[in-house]
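Here's a quick tour of the model you're about to open.

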Amino acid sequence: MKNEKEIRKVKCVDFTFDGQGLAKDDNNRVVFVPSLLIDEEAEVEILYKKKDFDVGKIKKIFSFSKYRINPKCPCSTSCGGCSFQNLDYSKELEYKKKVAIQTLSRIAGIDARGANIYGMEEPYYYRNKIQVPFGYDKQKRLVYGFYKIKSHDIVPITECAIQSKEHVEILKTIKDLIISMRLRAYDEDTGHGTFRHVLIRVGKVTKEVMVVLVVKDAKFASRHNFVKALVSKCPNIKTVVLNENPRKTNVILGNKEEILYGPGFIYDYLLGVKFKISSKSFYQVNHDQCEKLYSLAIEKAALKKSDTILDAYCGIGTIGLIASKNVKEVNGVEVVEEAIIDAKNNAKINGITNCNFVCKDASEYLIDKKFDCVFVDPPRKGLDTNFLNGLIKNKPEKIIYISCDVGTLSRDLSILKKDYEIKSIDFVDMFPRTYHVETVVNLILRK
Ligand SMILES: C[S@@+](CC[C@H](N)C(=O)[O-])C[C@H]1O[C@@H](n2cnc3c(N)ncnc32)[C@H](O)[C@@H]1O
């Protein structure tokens, strides 16, 4: 009896924050069911139970939502990357906007009902970066893909509807070469083997491709022949970087890098400005939506030629360099050294002379200079308390807060709104088919 599967009938009434179906059974008990859409009724198998809810998987759908569509890729439910491949895109945008508005209201008491959401015309094949582990499945076959949620089992990907199509081709070529050259992927249990991860980036405008091979031991046999074969099969590859990560760790990249082919970086263009991108630098994954995001952020800032601005968490200097022609002076701060080297170089190659970039923790930076406008674009965890305190003390007239996590954004806004009026909020769908969304908030100092 113990192993008997529990099957229940449920009706989906909403989505969870991460895009799973939130369903209720006949007893009104909550069951989370991935890929079930609002209003759909289904038979689900209960996978596990918690105190306040259960988690199930669809066995059979009785009544289909009129917004259900066929997913574009065969891995859409298994790889865990997408939540909404089976949902009409206009409904996905509606849902993302609703969740973001609710979060801003619940955490920060902010009414964002007038906000716009900017989606993509073709919400597929937009990602310019992929990072996947290589390993072995239970049958000891070489696989690459994404980790199954809360495990290190690799769900193999054969296609991907949100990645640049080129990435999938290159990954397949790398797998074939590992097999034909009798090389090995890294085995997390034994610590043997070579290939741990592969990271690929492509410049949307330049079409230049960077491949980073993350290996346990940089001196693996026939590495030069491997790279020669790879670039001859995939001629768009502009550079191949070897990243050595010998540690037993979940951190993907190691510290030591060696360039095996090409210059070690690629270029791309955003809004007409040329950017050099290295393996360790942050670069937005959706080129076209990023241009929308930056245009919106800069437009909202209503910059003046006399302004001194700060681009905090600047990465390779993208926002500051694009905004530089509208202002007197740009200062950029970023904690990753390689990104700051790229930012300085990016100013040079574009002939921009009014930008200074500093490698520092952003929270240590706001001390001696007064800014007219501060752009903040922090990682998911949002702004730290020191930075927030420094920002409030600095009193810039305008703050443009760009955020990829509406929860931490709301937490920070609940503090900033005492000194700043929220003039506008907009959402930009940088990550179609997933539950993530980017927000731009325009704040003006209260008089
Ligand atoms: C969301 S990215 C934004 C980068 C850039 N604005 C862009 O759009 O390409 C956040 C950046 O913050 C940097 N970062 C993280 N913690 C930081 C800190 N404490 N101080 C400064 N920069 C930090 C990361 O390295 C990353 O480049």
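This is a predicted model: local features need pLDDT of at least 70, side-chain atom pairs count only at pLDDT 80 or more; totals for chains, interfaces and linings use all residues.

Numbering runs from 1 along each chain as its sequence is written.

Helix H2 covers residues 165-180 and helix H3 residues 223-233; they pack at about 145°, with axes 10 Å apart. (Axes are lines fitted to C-alpha atoms, for helices over the stretch in contact, and angles run from 0 to 180 degrees between N-to-C directions.) On the H2 side, the contact uses Thr 173, Ile 174 and Leu 177, while H3 brings Phe 226, Ala 229, Leu 230 and Lys 233; contact here means C-beta atoms, placed from the backbone, within 7 Å. That set splits into five nonpolar, one polar and one charged. For the classes, Ala, Val, Leu, Ile, Met, Phe, Trp, Tyr, Cys and Pro are nonpolar, Asp, Glu, Lys and Arg are charged, and the others, Gly among them, are polar.

The other pair is helix H1 (residues 89-108) and helix H8 (residues 406-416), whose axes come within 9 Å and cross at roughly 35°. This crossing of H1 and H8 is right-handed too. By class, the H1 and H8 contact has six nonpolar, four polar and one charged residues.

## Around the ligand

Which residues sit closest to the ligand? They are Phe 282, Tyr 313, Gly 315, Ala 362 and Asp 377, out of 18 that surround it (C-beta atom, placed from the backbone, within 6 Å). Helix H5 (318-323) and strand E17 (329-334) each give two or more residues to this shell. The shell has 12 nonpolar, three polar and three charged residues.

## Overall build

The protein has eight helices and 22 strands, taken as DSSP runs numbered from the N terminus (helices H or I, at least four residues; strands E, at least two). Its domain assignment, automatic or from a database, gives domain 1 (7-68), domain 2 (93-121 + 286-445) and domain 3 (129-269). The C-alpha centres of domain 2 and domain 3 are 32 Å apart.

The C-alpha atoms fill a box of roughly 75 × 60 × 35 Å along the principal axes.

Methods. Two residues are in contact if their C-beta atoms, placed from the backbone, lie within 7 Å. A crossing is left-handed if the near helix is turned anticlockwise from the far one by less than a right angle, and right-handed if clockwise.
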